[in-house]
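I opened the notebook to record what I looked up in this structure. Entries follow in the order I made them.

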Amino acid sequence: MGDQLDRAGTPYVQFQGVEVTYNGIVSALRGATLDVRRGEFVFLCGPTGSGKSTFLKALSLQVRPSNGCILLDGVDLGAVEPNEVSEIRRRMGVVPQDFGLLPKKRVWENLGYAMRACGRTRREVRQLVPEILERVHVLHKADAFPGELSGGEQQRVAIGRAIINNPPLLLADEPTGNLDPDHSAEVMNLLLELNLRGTTVLVATHDMPIVEHVARRVVLFEQGRIVADSHSPRATVQGADEGAQAETAEAQLEGADA
Amino acid sequence: MLDRIEFLFGEALVALRRNGWMSFAAITTVAMAVFLLAGLVQVYAGIARLADSAGKRLTVRVFIRDSVPDAEASALGAQIKAIPGVTFVRFVPRRQGLQEFREKNPEIDVTGLYEANPLPNCFHVSIADQKDFDSVVSSLQSMKEVEPNGVKFPSDVQEFLKEVQATVPILGLVLGVTMLATSGILIYNAIRMTVVARRREIGIMLLVGARRTMVWAPMVLEGLLQGSLGGVLAGVTLLTGHHFVRQVVQDRMGSMATIPTMSVGATLVGLGLVGAVYGTVCSVIAVREPWRQGVAA
């Protein structure tokens, strides 16, 4: 906590003119620049193909920028050696859109397997898995297979797996994309809970009702560019469609610039 | 550490089971390849022993000039017996020679030949040790009573053994190497199939921060297990085959049988190790590329 206060002024995540090109042809990110402070909850919004997922992939070292610089807690991710990638990834939890659960493993095994792969012992797995499942409210389903769970429960397991290393940063790509409104709200509440405990959360989504309901910082992507940033931890975008949000956010930015 | 090793081996065993028939094919092909190559060494050693012992029991036939009277010819026996290295001499008079020829070749009519027997008087000379062979032959050839080029060895047996000695390794080597290459491809394919089948899983593991060794080591271990199981299977087959052949040879030849026993432990461990090294090499080649690429989710 003290560390957080000491570094309150330093951005935790910094994107500086980041460009990502797939196969040297498709530009997925075109000069993205963004600062995220420790403990923030940020929605990355925008239509499909706007670059919000690529933003998360670049941050989690799944893709490498062709230009620009990404800093995580002051560490230049572009200078990270291949054998250091695992260390960096343990500092973040990634929740993929399709949950990415292993269908032939039970809920607790999905977490346990990931923990074992990260070098945890069996004793640690036995001790920590129930705690994590309790935190994500699926302990009662510990022995179920992913196929026996609802979409919301599967997503909560995926979030549970993302926090096995107790990371200070959580990246969620369309966490409510496959869920009905009730389950979406459940998952979002869980992410907010984690954020309240100090985890920095970045959520890529185009689920506008959720964004409006949760009311946190909104960064808007369009064709690989960041076109708007509400830049306010308590900004409300309720009742606005994406275009209107962009205008609102731009207006906020213009106001801030002025 | 022990905990980690247990995890890695556990994952390798799960992958081995998941790959099912592919694992079975890889293991059995490794087994066949190792069996052929190891069996080849055994067979080659056996032939070498046989050739050696055949050489030691070598019998040379010495044909006497027709100009030498029969009585004088039979008296040459003592002179031949005196040559160093000669252990046994048997005189075969021309009439007896014809008789033996008729017995060996009943389909050939030799009745007319009894009046003018074309066969010369002959000695069967046994040489105990192969190293004396050349000196005995040259001593025999230098005798004036012996026909020019009148010393004949049972070259057919020797030639046959030489041919076998030359052919078996080549044939076995070609088959063994072919099988080894096939098994290598099968192990490679089995591991690559695992990589493809578990692509998503691998991606997730890498995303949660698993070290690359923890992700790839189970697959290398899977190859190692396939190889060593194949090697041990080859060992079991070889030992069974060896035991069976030894039994048959002993039953037929009694105390003459010279096939030595094989050490069960050394054979199984040795061939298991050979298979393990081979399986590891193949699987390392299979995961080298995805390892470098870092397979993303």
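Which residue of chain A forms a salt bridge with B:Glu6? I found A:Arg122, with the closest N and O atoms 3.4 Å apart. My rule for a salt bridge is a side-chain nitrogen of Lys or Arg within 4 Å of a carboxyl oxygen of Asp or Glu.

**Ground rules**

I am working with a predicted model, where local features need pLDDT of at least 70, side-chain atom pairs count only at pLDDT 80 or more, and totals for chains, interfaces and linings use all residues. Residues are numbered from 1 along each chain as its sequence is written, chains are lettered from A and ligands numbered from 1 in the order in which they are written, and side-chain values use heavy atoms, with hydrogens and water left out.

**The interface**

I looked up the contact between the chains next, counting heavy atoms within 4.5 Å. It takes 26 residues from chain A and 19 residues from chain B. Interface size is often given as the accessible area lost when the parts come together. I used buried area in that sense: the accessible area (1.4 Å probe) that two parts lose on being put together, summed over both. For chains A and B I noted about 2100 Å². Carbon and sulfur atoms give 53% of that. Three residues, B:Phe7, B:Leu207 and B:Val208, supply 27% of the area that chain B buries against chain A.

**Chain A, overall**

I noted nine helices and ten strands in chain A. Helices (H or I, at least four residues) and strands (E, at least two) are DSSP runs, numbered from the N terminus. The chain has 258 residues, and 52% of them are buried. For cover I used these classes: buried is under 20% relative accessible area, exposed is over 50%, and partly exposed is in between (1.4 Å probe, protein chains only). The accessible surface of chain A is about 11500 Å², 47% of it from carbon and sulfur atoms. Areas come from the Shrake-Rupley method with a 1.4 Å probe; for residues, only the protein chains shown count as cover. Of the contacts in chain A with a separation of 6 or more, 68% join residues 24 or more positions apart.

**Salt bridges in chain A**

I searched the whole structure and found twelve salt bridges over all chains. One of them joins A:Lys52 and A:Glu174 at 3.7 Å, N to O. The pair links distant parts of the chain, 122 residues apart. A:Lys52 sits in helix α2 (residues 52-59), and A:Glu174 in the loop between β7 (169-173) and α7 (181-196). A:Lys52 is buried at 4% relative accessible area, and A:Glu174 is buried at 5%.

I then checked A:Glu186 and A:Arg156, whose closest N and O atoms are 3.0 Å apart in a salt bridge. This pair spans 30 residues, from α6 (residues 151-162), which holds A:Arg156, to α7, which holds A:Glu186. A:Glu186 is partly exposed at 31%, whereas A:Arg156 is buried at 10%.

Next came A:Asp229 with A:Arg217, at 2.6 Å. A:Asp229 lies in strand β10 (residues 225-229) and A:Arg217 in strand β9 (residues 217-222), so the pair ties together parts twelve residues apart in sequence. Both residues are buried.

**Cysteines**

How many disulfides does the rule give over all chains? I got zero. The rule asks for a pair of cysteine sulfur atoms within 2.5 Å. I also looked up the cover of two cysteines. A:Cys45 is buried at 0% relative accessible area, and A:Cys118 is buried at 6%.

**Chain B**

I noted nine helices and four strands here. From the N terminus the elements run α-α-β-α-β-α-β-α-β-α-α-α-α. Of the 297 residues, 40% are buried. The accessible surface comes to about 16100 Å², with 65% from carbon and sulfur atoms.

Helix α7 of chain B (residues 199-207) is mostly covered, with seven of its nine residues buried. Among them are B:Ile202, B:Met205 and B:Leu206. B:Gly209 follows this helix and has a positive phi, near 100 degrees.
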